[in-house]
Amino acid sequence: MTLNPPTRSRTLSAAIAALAIAGATLGAASAGAATISPAGTAFTAPGTIVVSTPASFGVPVSCSISLSGTTSADGSSASITDAQISGSNRLCGLPQLKNLPWTLTPTSATTGEVSNVGFSLVGYNCGPATLA
């Protein structure tokens, strides 16, 4: 899977996509509030992100991302407690992820927000921020 949203939302998109890959799905509860299922379970979710940075001279670089954590007992959120970026391109090893755990909160059956996201890359710090 390749995601190409704006730079600041790439981690969120990867998180939501990776949760779906891992079997955790966003859905609408009977009261209309969005939830994540299965609730109360651990997950590990692999995915791919595509990043363009000054270090790559703006050329898109594909990297693997693996997220792990736990969905809340009621499915109202997921706590992302570990995130690892890797890949054959040496630039994949540059980002340093910060501020874990991140919290994924569904906003609809197919979207969500990840809060407390932070990372640094080649001396540039970003976050903490909520990404949608």
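Patches are made of residues with over 30% relative accessible area and no salt bridge, nonpolar side chains being joined within 5 Å. I keep that cut-off at hand while going through this predicted model.

Entry: surface patch. I looked up the nonpolar patch and found Leu94, Val122 and Tyr124, which make about 310 Å². Leu94 sits in the loop between β5 and β6 (96–98). Its relative accessibility is 31%, so I log leucine 94 as partly exposed; the patch cut-off is over 30%.

Entry: serine 120. I placed this residue in strand β8. Serine 120 has a relative accessible area of 13% and is therefore buried. Setting aside neighbours within four places in sequence, I list its contacts as Leu94, Pro95, Gln96, Lys98 and Asn125.

Entry: cysteines. I found one disulfide in the structure. It joins cysteine 63 to cysteine 92, with the sulfur atoms 2.1 Å apart. The pair links distant parts of the chain, 29 residues apart: cysteine 63 is in strand β4 and cysteine 92 in the loop between β5 and β6. The S-S torsion is about -90 degrees, so I note the disulfide as left-handed. Cysteine 63 is buried at 6%, and cysteine 92 is buried at 1%. I also checked cysteine 126, which is partly exposed at 21%.

Entry: core. I looked up the largest nonpolar core and noted 20 residues; Ile49, Cys63, Ile80, Ile85, Trp102 and Leu104 have the most contacts inside it. Two or more residues each come from β3 (42–51), β4 (61–71), β5 (78–86), β7 (102–106) and β8 (112–121).

Note on methods: Residues are numbered from 1 along each chain as its sequence is written. This is a predicted model: local features need pLDDT of at least 70, side-chain atom pairs count only at pLDDT 80 or more; totals for chains, interfaces and linings use all residues. Side-chain values use heavy atoms; hydrogens and water are left out. A nonpolar core is a set of buried Ala, Val, Leu, Ile, Met, Phe, Trp, Tyr and Cys residues joined through side-chain atoms within 4.5 Å. Buried means under 20% relative accessible area, exposed over 50%, partly exposed in between (1.4 Å probe, protein chains only). Helices (H or I, at least four residues) and strands (E, at least two) are DSSP runs, numbered from the N terminus. Contact means heavy atoms within 4.5 Å. Patches are made of residues with over 30% relative accessible area and no salt bridge: like charges are joined within 9 Å, nonpolar side chains (Val, Leu, Ile, Met, Phe, Trp, Tyr) within 5 Å. Accessible areas come from the Shrake-Rupley method with a 1.4 Å probe; for residues, only the protein chains shown count as cover. A salt bridge is a side-chain nitrogen of Lys or Arg within 4 Å of a carboxyl oxygen of Asp or Glu. A disulfide is a pair of cysteine sulfur atoms within 2.5 Å.
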